[in-house]
Amino acid sequence: MESKRANPGTPRLVLASGSTARLGLLRGAGLDVVSCPVALDESVLRDRMRAENAGQNAIALALANAKALEFSTNPQFMSADFVIAADQILECDGVGFDKPENRQAVREQLITLRGRTHRLQTAVVLYKGGEKLWEHLATPELTMRDFSDGFLDAYMEAEGDVLLSCVGAYRLEGPGVQLFSTIRGDHDAILGLPLLPLLAVLRDFGIAKK
């Protein structure tokens, strides 16, 4: 965990995640934020909620909240810290997709999504002192084109195992953008963090400048 603060005694802004994409979005926006991955077994909560027929949007929000609360058990947690946590689930026709476990799963997922429209249920929460201050859900919609098997083979070869860390088995900021015919929604929400609504609430709490 990065724990250094420029001004000791002032609240930190903490990202309860090891996501380089989310951290890059926050720092790119000019925020002084530290990254702290949390040790949360997401599959337990996700599987239980799916067994209860919970919606994929509710699951994404629940996982984001669970990550923020998990950080409060970290010995470096300070009650004055503002904690951001997020989660994202791909949903197609009501079915949730997780990060693929291997390259065969990548292929099967992309073939399933080919020519269809899916949603990215992207949740973000803000906590302080173990209490939730705010939560937000964005739902970008993306339609994959009917790409050829040859394109799929070349795409998977070019991207390699990096696709195993992507919930959609694609990186929109890379050659994965060529998988799509239509994209509706903010780019940052697709990358995993709805930035504009988050910045607005950070300004409300005095964390970002007005």
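How do the residues of the lining of the largest pocket divide into nonpolar, polar and charged? There are 16 nonpolar, eight polar and nine charged residues in that lining. The model is predicted.

**Largest pocket**
- The largest pocket holds about 840 Å³ of space.
- Its lining counts 33 residues, and those closest to the pocket centre are Arg 22, Lys 99, Ser 165, Cys 166 and Val 167.
- Helices α1 (20-28), α2 (42-51), α3 (56-71) and α6 (187-191) each give at least two residues to the lining, as does strand β3 (82-92).

**Asp 87**
- An unreviewed UniProt entry places the feature "active site" at Asp 87.
- Asp 87 sits in strand β3.
- The side chains of Asp 87 and Lys 67 make a polar contact of 2.8 Å.
- Beyond its neighbours within four places in sequence, Asp 87 is in contact with residues including Arg 22, Glu 42, Leu 63, Gln 121 and Thr 122.

**Thr 122**
- Strand β5 (residues 117-128) contains Thr 122.
- Setting aside neighbours within four places in sequence, the contacts of Thr 122 include Asp 87, Gln 88, His 136, Pro 140, Ala 189 and Pro 194.

Technical notes:
Residues numbered from 1 in each chain as written. Predicted model: local features only at pLDDT ≥ 70, side-chain atom pairs only at ≥ 80, totals over all residues. Heavy atoms only, no water. 1 Å grid on protein atoms, 1.4 Å probe; cavity = no way out; pocket = protein on both sides within 12 Å on 5 of 7 lines; lining within 4 Å. Points joined across faces, edges and corners; volume = space filled by probe spheres on them. Helix = DSSP H or I, 4+ residues; strand = E, 2+ residues; numbered from the N terminus. Nonpolar A, V, L, I, M, F, W, Y, C, P; charged D, E, K, R; others polar. Contact = heavy atoms within 4.5 Å. UniProt positions renumbered as here; feature names shortened; annotations may be inferred. Polar contact = N/O pair within 3.5 Å; in protein donor to acceptor, adjacent residues only side chain to side chain.
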